[in-house]
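Work through these exercises with the model open beside you. Try each task before you read its solution.

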Amino acid sequence: MFVQRGSSRSRVAIAGALSMGLVFGLSACGDSKDEEPGTGATSLAAIDCTPYKAFGDLTGKEVSIYTGIVTPEDTPHKESYKPFEQCTGVTVKYEGDKAFETQILVRAEANNAPDVAFVPQPGLLQRLVQTGKVKEAPAEVAANVDKFWGADWKEYGSVGGKFYAAPLGASVKSLVWFSPKEFKDSGYAEPKTLADLKALTDKMVADGKKPWCAGINSGEATGWPLTDWMEDFMLRLSGPETYDKWLKHEIPFNGPEATKALDAVGEYLKNDKYVNGGYGDVKSIASTTFQDGGLPILEGQCSLHRQASFYAANFPKTAKVGPDGDVFAFYLPGETADSAPVLGGGEFVAAFADRPEVKAFQTYLSSDTWANVKAKVSAGWVTANKGLDPANLQNPVDKLSAEILLNPKATFRFDASDLMPAAVGQNTFWKQTTAWLTGQDTKTTLDKIEASWPK
Amino acid sequence: MTTEAPLTTAPVGGAVKKVTTPAAAAKKKLSSPWASLAAIVIAVLWTVPTFGLLVTSFRPEADIKKTGWWTFFSNPLVTFENYEAVFGAEEGVNLADYFLNSLIITIPSVIIPLFLASLAAYAFAWMNFPGKNLLFIVIFALQIVPLQVTLIPLLTFFVDAGLAGTFWTVWLAHSTFALPLAIYLLHNFIKEVPSSLIEAARIDGAGHVSIFFRVLLPLLTPALAAFGIFQFLWVWNDLLVALTFTGPQISPITVQLSNMTGTRGTAWYLLSAGAFVSMVVPVTVFLLLQRYFVRGLLAGSVKG
Amino acid sequence: MFTTASTTSDKLLQMVAAILLFAAIIGLILFIASRFTGKSDRAVAALYLAPVVVMLSVGLLYPGLRTVYQSFLDASLQNFVGFDNYQRIIEDPEQRLVLRNTFFWVLVTPFAATGIGLLYAILVDKARGEAFAKALIFLPMSISGVAATVIWKFMYEYRPDQSNIKQIGVINQIIVLFGGKPQQLLIDSPLNTFLLIAIMIWIQAGFAMTVLSAAIKAIPDDIVEAARLDGVTPWGMFRFVTVPAIRPALVVVLTTIAIGTLKVFDIVQTMTGGRFDTSVIANEFYSQAIRTGDRGFGAALAVVLFVLVIPIVVYNIRQLRRSEA
């Protein structure tokens, strides 16, 4: 029942359920830094060096990257640098570290920063900029971002009016995972409005099911999936303008809008009839890891699981992800069928050096060229770069995500907890919503978070 | 009371002379079957968690997530895939390299603090100088400094010294962090050495250097082996220091283990196998050095 | 020599070079020390202590003092805020809970781990297969934090009471076997704190057992024989012979475990993330100073750790004085 290990494909297998055997290029690649430029890029045969001409000859130069992206997701990243390495002669040194988010601050402050870091939260970018070590983005990067991204994305990469970091990848958080087979067998339809979603849920309850499953346990970050839930409802029930004011603290954290949003989440997650399929009662959401949260869908013990696009990696490699597979996702609908609010996240490329090769590399990463190269070698990756041709994406969830992100009618909003001050976004928001789930009432919860907002 | 006798007591495991120790007497009180039972209960309680991990490391990924490891016994389905994945260069986790890094980090990080601490412990135990007690108290209290507060200043220092990204950072950091506890423990052993031995050497005209080498070090060698084992384990299993100071080329096995679980995943099947691989060295070291270890600590309680 | 080694031979060479360099420094110190043959110990003591004092000053003392200073500053270390951070630790109900949990940890762990270690050391003393029996208890000490997390997940994990779902945690499986309902062990406070403490005891008992076992074996036979001839009961033997004889070792073990316990944060961080009222000072420090970026408050928490260790220091100093007297 398992993919044969030891074959050159096993890395793809690990890349998880996402791969589905479509990632043909990966099998030939070794560790990018170990190889001479040019030898490992068989998948990208016949590289056209024209787009890279502008960078000039940078032979013998090195660029170091430090990121939180580790095995197996790091492989497509290293792979996507190959054309750049080959055409410019630069060697890219990649270091992935799960503890990136805390270690990068230590390194920056101790003058030991890498040339380039992939920062997963605008809030963290702000703190890095505060250390005074981050360089402003070069003009070429700014031009690329103006061309390929919406103004909102540029804003996320800016601190105090200065533009520092170009967006890299993106993830769509407004997704609900489900079993296409179950939907077909039971005659369920993908909901188009929030009211539909509620009706669907009730229908499932009537069919004797526990519709929703969830897990919020994530070590020191326990609680973050709840903040995503609440943000999704905040965005839907009160609209993007109010959402923006809320995350900037222009309206109080504990105002009527937030109360409404959290109560709306409570109608799902604090309802013993609705949760926690495959895991037990409401409280079991707190003890279930977010990685396990949606797995009961595969067992038929749960029908719906709200989680970001990257969750695809958590399904075992035996499960097929796709519209006709074992599991797939639909867009968490807006309040009405014609509104399309999207909650998402992404990484940003911050540079701590301004040597020509570093600038060239930043420029490359912000280009449509890179986005398409990356799409071809990745599974479970998407970007909001408008230069991306969705046809280059490898798997159905990525295609769905790109569709949602690039939909001109969509209103994209970044994960608010990543934008709030760390004392809230990385601390009390997680902690208090966790306490809320295990019994604390909505008012106390929101009041406590409001009280923790740095003065 | 002679001092030599306890120091040469045979190590455990070897031929042990049958004398009544207080422990044996206390055990008798508990009457043999009960004592054995209690010992077995503790041993089982302490071993079951690790045993569960061992079994888990041989189970297929899907089973690990769905059923308890004990179901293995009614439905034994063995797979080596987890271990293959851990060792396969294709996962991007070539553990052999990181094994070497772990060894290279650990060996000097054990040797350096041991010698420095024994010199210091000797000074505290057998020398008189102003401020001795205060200095000892300060060093003792430094044990509590959370390592996290030291990371930024120390890394800044290493960057300024041009050592960032080299093994020197971890060697110096581990050695420094080990000193307070090492000095405290070794001081406890050294001060128990009967002063008559030291005095006798002094009367013979020996200076501090020769006393340290001729009298103390032979008595202390086993104690050093003992502390050496603990220091070895702590350094080998360290994650925090390695994360901060090492780069990709010199990082130890613990860093790789923690990264192996994937960017957002908890790959229990990989972790369980990887954890066992990383345990092999420390357990072997313990088993090999256990006899020295026991003898080493004997020196500490000579007074009786 | 002071560069990043990349090949295996480079790495090994660098290690040997480092050890030789270290040996040369020690040799130099000892050589100079051997020139001083006067009555005063000062010069030699200064030489013996110099490397240690230098390393500790740079690596621990300076960062420690810096932390004390920072504890009076605000989150971004820009402004002086007096005792505000400390006031918050005392007044904030959540921080009080953190203090309470820390007391649970530091009161239970050292005594439980030492007690179990001592009991086991006595039970297996001179038994057949003693080395093996001890290795079993020692095993947890050689397990890294990451591995320990995995191990205990398979102890405490909860699955609901449904016909088609099986438990994967040992404890809940046992509860179910005896007809009970599976419990969400890590959610309910304060039980969850004690379950986390159990992990620390599991790790530290091996340390206690090994050290105490060695101490027991070092008790001179003649004392034991004399006591036996006096007709001392086994309990009396334990109380009046064993314990006093291994007293220094007991103090060392209790002290070391207590300090290790105060600094514990990885168990809490990986098992519960400090949620469900399980946070302790060291974890809260990590979360505030590093994750949240509230550096002043984090520093104040670290200082509270220093303060908590003072009683342990004082006790040890008194023990020292007593043994010197």
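This is a predicted model: local features need pLDDT of at least 70, side-chain atom pairs count only at pLDDT 80 or more; totals for chains, interfaces and linings use all residues.

Residues are numbered from 1 along each chain as its sequence is written, while chains are lettered from A and ligands numbered from 1 in the order in which they are written.

**Exercise 1. Describe the make-up of chain B.**

Step 1. Take the elements. Helices (H or I, at least four residues) and strands (E, at least two) are DSSP runs, numbered from the N terminus. Chain B has 14 helices and zero strands.

Step 2. Check burial. A residue is buried if 20 or more other C-beta atoms lie within 10 Å of its own, exposed if 12 or fewer, and partly exposed in between; C-beta atoms are placed from the backbone. Of the 304 residues in chain B, 57% are buried.

Step 3. Look at contacts. Two residues are in contact if their C-beta atoms, placed from the backbone, lie within 7 Å. Among contacts in chain B with a separation of 6 or more, 75% join residues 24 or more positions apart.

**Exercise 2. Examine helix H6 of chain B.**

Step 1. Find the span. H6 covers residues 95–126 of chain B, 32 residues in total. From first C-alpha to last, H6(B) reaches 46 Å, close to the 46 Å expected at 1.5 Å a residue. The expected span is 1.5 Å times one less than the number of residues.

Step 2. Why is H6(B) largely enclosed by the rest of the structure? Because 24 of its 32 residues are buried.

Step 3. Pick out B:Ala120. Leaving aside residues up to four places away in sequence, B:Ala120 touches B:Ile183, C:Tyr48, C:Leu49 and C:Val52.

Step 4. A nonpolar core is a set of buried Ala, Val, Leu, Ile, Met, Phe, Trp, Tyr and Cys residues joined through C-beta atoms within 7 Å. The largest has 322 residues, and A:Ala350, B:Ala120 and C:Leu212 touch the most other members.

**Exercise 3. Work out the three-stranded sheet in chain A.**

Step 1. Write the order. The open sheet runs S8-S7-S9 in chain A, with antiparallel pairing. Strands pair if DSSP finds at least two bridges between them.

Step 2. Name the edges. S8 (305–306) and S9 (328–331) of chain A each pair on one side only.

Step 3. Count bridges. Two join S7 (residues 175–178) of chain A to S8(A), and four join S7(A) to S9(A). A:Trp177 has A:His305 as its bridge partner in S8(A). A:Leu175 stands opposite A:Tyr331 in S9(A).

Step 4. Inspect the faces of S7(A). A:Leu175 and A:Trp177 lie on one side, A:Val176 and A:Phe178 on the other, and all are buried.

**Exercise 4. Compare two contacts.**

Step 1. Divide chain A. The assignment (bounds come from an automatic or database domain assignment) gives domain 1 (10–172 + 344–406) and domain 2 (175–342 + 417–452). Their C-alpha centres are 29 Å apart.

Step 2. Count the domain contact. Domain 1 of chain A gives 22 residues and domain 2 of chain A gives 24. H16(A) gives the most to the domain 1 side, with six residues.

Step 3. Turn to chains B and C. Here 111 residues come from chain C and 113 from chain B. Helix H2 (residues 42–70) of chain C supplies the largest share of the chain C side, 18 residues.
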